[in-house]
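Work through the exercises below with the model open. Each task is followed by a solution in steps.

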Amino acid sequence: MLHSSHMSAPERQEQRKTGIPRILTIGGQSTSTLRHRLERVMTLHESIMMANSGFTTLPEPTQIELENLPLTSLGFTTRATIGEVLKRAGSRGLDPVPAEAALYLPSAYETQPMDEQLTMGMEPIPGIFDFLRVFTLVHRPNGLRLASTWAAPVDSWSPESEFVFSKRK
C-alpha cells in the first residue's frame, strides 16, 4: 500500500498546510444515521465497529481541533504499536481523536491526495471477531474510503505512517 511517505519532505509539509481540516465539527448525529450516510464508502468491518458499545457519538455538535503528522514527528524511528503511539502523542499535547471523527472526515477532506492513508490516533474498538481495530481514511482510484486496520497490542506502524490526533484544549 502506498502512503504519503513516497512524497518528499517539502511536499508532505505543504500537504499538511492544506490537508485535513484543522477544525472539525462532530456529534449531533446518531450512529445509525452516520452508518446510513457512509454505507457506500465503508465495509462490513467498519459497520461492526460502529455497532460495538465502544463506539459512541456526541449528542450535540462539537468542534475539535485536529493535527495530522507522521510518526517520525513524534520521534519514532522504528515501528510503533497503537499504545506507544497514543502514549507519545499524549506527552506532546495530543489526545486520541474521538472515533466518530473518522466518520466526518470523508466529507470534510474531499481533496485528500490519491493513495494517502490517514490512521486515526484513537482508542481501538473491537470489530469483526472482536479483533481490535482503528479507523483509517484512504483515497483510492474508486474514491475516498472509510476503512479500518488491525490495532491489537502487537500490531505496529512504520515511522512514516500518518496519524490524526485531537489537539488538547
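Contact means heavy atoms within 4.5 Å. The model is predicted.

**Exercise 1. Decide whether Gln112 is buried or exposed, and list what Gln112 is in contact with, leaving aside its neighbours within four places in sequence.**

Step 1. Locate the residue: Gln112 lies in the loop between H5 and strand S5 (117-120).

Step 2. Apply the cut-off: buried means under 20% relative accessible area. Gln112 has 2% relative accessibility and therefore counts as buried.

Step 3. Leave aside the neighbours within four places in sequence. Gln112 is then in contact with Gln117, Leu118, Leu137, Val138, His139 and Leu144.

**Exercise 2. Find how the axes of H2 and H3 cross, and which residues meet.**

Step 1. Helix H2 covers residues 31-38 and helix H3 covers residues 44-51; their axes come within 10 Å and cross at roughly 170°.

Step 2. Angles over 145 degrees count as roughly antiparallel. H2 and H3 are therefore roughly antiparallel to each other.

Step 3. On the H2 side the residues are Thr31, Leu34 and Arg35, which meet Ser47, Met50 and Ala51 in H3.

Step 4. Sorted by type, the residues of this contact of H2 with H3 are three nonpolar, two polar and one charged.

**Exercise 3. Name the buried residues of H2 and say where around the axis they lie.**

Step 1. Thr31, Leu34 and Leu38 are the buried residues of H2.

Step 2. They cover an arc of only 65° around the axis, which puts them on the same side of H2.

**Exercise 4. Describe the protein chain as a whole.**

Step 1. The protein chain has five helices and 10 strands.

Step 2. Of its 169 residues, 47% count as buried.

Step 3. Among contacts in the protein chain with a separation of 6 or more, 73% are between residues 24 or more positions apart.

Step 4. The protein chain exposes about 8,500 Å², of which carbon and sulfur atoms supply 55%.

How values were computed:
Residues are numbered from 1 along each chain as its sequence is written. This is a predicted model: local features need pLDDT of at least 70, side-chain atom pairs count only at pLDDT 80 or more; totals for chains, interfaces and linings use all residues. Side-chain values use heavy atoms; hydrogens and water are left out. Axes are lines fitted to C-alpha atoms, for helices over the stretch in contact, and angles run from 0 to 180 degrees between N-to-C directions. Helices (H or I, at least four residues) and strands (E, at least two) are DSSP runs, numbered from the N terminus. Angles under 35 degrees count as roughly parallel, over 145 as roughly antiparallel, 65 to 115 as roughly perpendicular and the rest as oblique. Ala, Val, Leu, Ile, Met, Phe, Trp, Tyr, Cys and Pro count as nonpolar, Asp, Glu, Lys and Arg as charged, and the others, Gly among them, as polar. Buried means under 20% relative accessible area, exposed over 50%, partly exposed in between (1.4 Å probe, protein chains only). The arc is that of the directions from the helix axis to the C-beta atoms. Accessible areas come from the Shrake-Rupley method with a 1.4 Å probe; for residues, only the protein chains shown count as cover.
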